[in-house]
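Please look at the sequence and the model first.

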Amino acid sequence: MSENSLYPGLNLGDKHGDAHVQAESTVFGFWVFLMSDLIIFGILFAGYASYLDPIGLAGGPGPKELFDINSVAIQTVLLLVGGVAYAGVSLTVKYGHGRGNLVAWLLVCAAFGAGFLFFEVRDFISQAGKGGTPQVSGWLSSYWTLGGLHGIHVFCGILWIFAMIGQVATRGIDDVVKVRLSMLGVFWHFLDLIWVGIFSFVFLVPLA
Amino acid sequence: MKGMTSPIFGNLDWTVTPYTDLLQQVNSSTIVSAGAASVLVLGGIAVLVLFTWMGWWGPLYRNWLTSPDAKKIGIMYVTLALIMLARGIIEGFVIRAHQATALGTLARPESGLVSPDHFAQLFSTHGTIMIFFVAMPLLIGLINFVLPQQLGARDMAFPVLNQISLGLTASGAGLVMISLLLGKFGTGGWTMYPPYTGKDFSPGEGVDYWLWAILISGMGSTLTGMNFAVTIFKKRAPGMHFMRMPLFCWTSLCVAIMLIYAMPALTVSSAMLALDRYAGFHFFTNDAGGNMMNYANIFWMFGHPEVYILILPAFGVFSEISSTFSGKRLYGYTSLVIASMSIAVISFTVWLHHFFTMGQSAGVNIAFGIATMIIGVPTGVKIYDWMATMWRGRVRITTPVVYLTGFFLLFVIGGLSGIILANPSIDYQVHNSTFLVAHFHNVIIPGVLYGMLAGIHYWFPKAFGFRLSETWGRRTALLFVGGFIFTFMPLYVLGLMGMPRRSPTFQNPDFMAWMYIAAFGGVLMLCALASLVWTFWTSYRNRLALAVPGGDPWNGSTLEWSTPAPVPEWTFPRIPHVDKRNDWGEKKRAGDPWKGPETYTDIELPANTALGLLITGGSFALGFAMVWHIWWLAVLCCLALPGLVALRGMRLIEPKIIPAAQVEEADRRFRQQVASLAPASRADEETERNRGVPDISEFAG
């Protein structure tokens, strides 16, 4: 089996035996599933673009009144650094650096994710305070849906991290857990990918 | 409904059943809806009593509901689909019966069997059921049953996920079913276009039933698509190269890819509509910057690929049966592969032809019109390939071939009317008329329904060990062909005469002659349904005479015919090594194909689990709670569903091990039985002498 036919992301490597083989189809399957998730985001991006005009804004507050680009920049940094931190998890699993390190890296990722969510939710609350609730206009509906769906994904990612910590605690780092951690890695990086799109098209384009 | 929302029961109260309407006003419409609700209730009670009386609950739970075996999951999908098909056909008949009595007068503009609102619910549930809960489970079920066997795999890539997908589909079907008894269904047609289906114009639970049925079952279909794709990419037997796969596997791959990329669009459009309805968002409302054209676009980004999701498995079935029953190798394998993949790709570029009249520029319409005409080309290639396959073959007129013949004749007509509609300027004249209704029934019934029924007939012996009655099978097929012609050909004429689709009433007496013919067709369709049920029942009673333990009743050439019928849980005693396309046929050509493996090993199978069942219950409860605004139950389900998955993740799950000795014993018994059975010649195929061991000297495929 040549290395390049494997799933995307950091592979476990041949010395993981069964887990490496299982990951072949399981992580690939998860990756395929994320591609369908990507379509969901893609359609929401297209929707956002279509509501970003005076008709879609419907006289409600617009990007210039609502967006706080500093906060968005902080969110971006937190999320992307959290993504990089996942490399710690992947390398710990790959080179067998033990349970303690693994849990520590997972907690670092969760902390960065939670930091991102803190700033995002703070923004949503302040936007709602300025009269920017999703019930006001088509554009605001699509902004809240797109940003909110990404936020829900991050939240699910954090839940998944804690579920994995639970699994590491109860069953150790066995083959199944290794494969699941590989999937979580693909998911965690996928969130960064979506965020790059949101940062560029949702925030920067209308402010430019 | 009328009062306040109760914290415990939400909007549910005693007045939501159709019996309340019946008590208030007795007329044909309320009698029909109360009758339908009673059929649901009495049917449910009858099943409960029957299963308790026969002591079937235990076996049902152990052998079926908790089984992650793709073959059993496939059979359950098909069973679900056939139950829903019965409701769909009966509703279709009521629609025809209504319109045959719906001629209004100036004095009495409303007429007919059912009230306009009831009629609108009928065509909405009919469409929803036929697309999402008949066609989809039929094809997903058939693929589940056949695909792993044809690939030389023991199971799907993700067996438990497969079970969950079935559960999600069943929950959706359950929601549509329960709407017969509790509350009303939406009246916006199967597409549920806003703003009509927004909160302003459609308050109440009707649209919500549709939304949650679609959201939940759509999730299941997405996961199924992923499962099929991974199975095909990663689980093929050694030597089963892509270009050695049977054509049914190729069309399954197309379906998988289309499910993965098309279903999310439906999820998005439904979720946006749900946000509009539940949270006051403005995606598709008339005011505050809503834009309903986005709904039409997103919905049909799913909707058009969906049409080909439905038809491609049928094309796969027709490829298998045209070759098997004419005793010839499939003509133009490579061209069929290319045509299938072309259809899968082009199907994503034609969605706009569903709303040519929405107001795009002429240039946009022309581009999509041309794409629509282009997609007819690979379909035409396929029709010629199948005809060339049968050309000069020794064609046996079995039931699947009757369906195939009906398909050839009728599908081409449907395709041609599609090419007519693909021309935007013609579409402006006939859009939203019964011409369109005739067109899509003309492709879906001969395509999907005939294809799936032919497939069921073809693979039934593999699942249950006995053939279906050919006599009754052919009668059913002919009734479905005749029923189709009488029901839908008049609709072409009516459409050209100017009758809009979904009309609860009309004032033109010239329509009546055609309406009566269509209603007669509806009667034929009911007879076809009865005949289908009778086919299963009479074949079951004659199962000893029809038994085919040899497992290869049609002298087939693909891997699934190498195993016993019914096929054992582990499918293959050893994973086969594939050397050629049509490997089983090549083994027949080379001499003794039924040679057992030399050694046997333990077989690992996924253990049974109740997870799918729990998720079915949880997702149904979630949908039901959202429809009726029972918020506590919705929150509970939202916590319970991920909780179940997380808890399962903590547990170590041991696979089920079938010991080598048991496999060896069963397999040797099968080989001995094959050796002891007299080979049946082609002429004996429909007689009792067909025991599933064909005369391999006659094999020419």
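At what angle do the axes of helix H15 (residues 470-496) of chain B and helix H16 (residues 512-541) of chain B cross? The axes cross at roughly 160 degrees and come within 8 Å. That makes H15(B) roughly antiparallel to H16(B).

This is a predicted model, in which local features need pLDDT of at least 70 and side-chain atom pairs count only at pLDDT 80 or more, while totals for chains, interfaces and linings use all residues. Residues are numbered from 1 along each chain as its sequence is written, and chains are lettered from A and ligands numbered from 1 in the order in which they are written.

Helices (H or I, at least four residues) are DSSP runs, numbered from the N terminus. Axes are lines fitted to C-alpha atoms, for helices over the stretch in contact, and angles run from 0 to 180 degrees between N-to-C directions. Angles over 145 degrees count as roughly antiparallel.

A second pair is H7(B) with helix H18 (residues 611-627) of chain B. The angle of about 155 degrees makes H7(B) roughly antiparallel to H18(B). The table sets out both pairs.

| Pair | Angle | Axes | Handedness |
|---|---|---|---|
| H15(B) and H16(B) | roughly 160 degrees | within 8 Å | left-handed |
| H7(B) and H18(B) | about 155 degrees | 9 Å apart | right-handed |

A crossing is left-handed if the near helix is turned anticlockwise from the far one by less than a right angle, and right-handed if clockwise.

In the second pair, B:Asp208, B:Tyr209, B:Trp212, B:Ala213 and B:Ile216 of H7(B) meet B:Ser619, B:Gly623, B:Met626 and B:Val627 of H18(B). Residues are in contact if their C-beta atoms, placed from the backbone, lie within 7 Å.

H7 (206-234) of chain B also gives two or more residues to the side of chain B that touches chain A, as do H8 (247-279), H9 (292-324) and H19 (631-650). The contact takes 30 residues from chain B and 33 residues from chain A. On the chain B side, the largest share, nine residues, comes from H8(B).

Helix H2 (residues 28-54) of chain B has 27 residues and spans 37 Å from its first C-alpha to its last, close to the 39 Å expected at 1.5 Å a residue; the expected span is 1.5 Å times one less than the number of residues. Just after H2(B), B:Gly55 has a positive phi of about 65 degrees.

Technical notes:
Contact = placed C-beta atoms within 7 Å. Parallel < 35°, antiparallel > 145°, perpendicular 65-115°, else oblique.
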